[in-house]
Amino acid sequence: MSTENTIEHKIGKADLDGKQEYTITVYAENRIGLLNRIAIIFSKRKINIESLNSSASEIDGIHRFNIVITESYEVVRKLARQIEKQIEVLKVYFNTNEEIIWQELALYKVSTDEIAEKVTVERLLRQYGASAVVIRKDYTVFAVTGHREETDALVKALEPYELIEFVRSARVAIIKDSAGFHEKLKEFEAFEPGEELVENEFLDKGEKIFTM
């Protein structure tokens, strides 16, 4: 399957002015070693990966990688082309934050006594849309989904109230203008159709042809 000229990106006004945050979306077959080879492409260029998520996609057997970096448009464009050279990779997109819908999941472990004794903590958690995942006598775990700025803000707000642990997931993102990868697969199949089935002209003449 050829993927020539399939890298897509809408050039925004700020793209050429300098570095900004990009989400690179990679559709690929789920093969051992692919993630390592993709990581090497970044490490060779001394580019830090800020977030990396791998999951199943809308197509059975095809995985989707979301990679977040902060770089210039030209650097990201070259990286995307290098990634697409990998045999297992079917398509690469790269987009700015304005071109995607994205979320991250954060978990917060807080002292249960602090929540019970101080109304301020409970009010903060409601303000940030936190939901309780686990409630124990010694601690309570809350979950929040949102952008990084939102989850970071709650960390700072909870610091005076015995925030025991904090962890945040990698970014998951959907491209706003994408019609889904299954539509791109249809384009590939139309461009490179499979070989037509050729009927064997001798199929119904077995006895006549193979009798000695």
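A: A polar contact is a pair of N or O atoms within 3.5 Å; within protein, one must be able to donate a hydrogen and the other to accept it, and residues adjacent in sequence count only if both atoms are side-chain atoms. The side chain of Glu104 makes such a contact with the side chain of Arg148, at 3.4 Å.

The model is predicted: local features need pLDDT of at least 70, side-chain atom pairs count only at pLDDT 80 or more, and totals for chains, interfaces and linings use all residues. Residues are numbered from 1 along each chain as its sequence is written, and side-chain values use heavy atoms, with hydrogens and water left out.

Glu104 sits in strand β5, residues 100-111. Strands (E, at least two residues) are DSSP runs, numbered from the N terminus. Glu104 has a relative accessible area of 3%, so it is buried (under 20%, with a 1.4 Å probe and protein chains only). Touching means heavy atoms within 4.5 Å.

Ser57 lies in the loop between β2 (51-56) and β3 (62-71). Ser57 counts as buried because its relative accessibility is 16%. Its side chain reaches the backbone nitrogen of Ile59 at 3.1 Å. A polar atom of that side chain also lies 2.7 Å from the backbone oxygen of Ile62. Among the residues Ser57 touches are Tyr27, His63 and Arg64. Ala28 is 29 residues away along the chain, yet the C-alpha atoms of Ser57 and Ala28 are separated by 9.5 Å.

Technical notes
Helices (H or I, at least four residues) and strands (E, at least two) are DSSP runs, numbered from the N terminus. Buried means under 20% relative accessible area, exposed over 50%, partly exposed in between (1.4 Å probe, protein chains only). Lists of a residue's contacts leave out its neighbours within four places in sequence.
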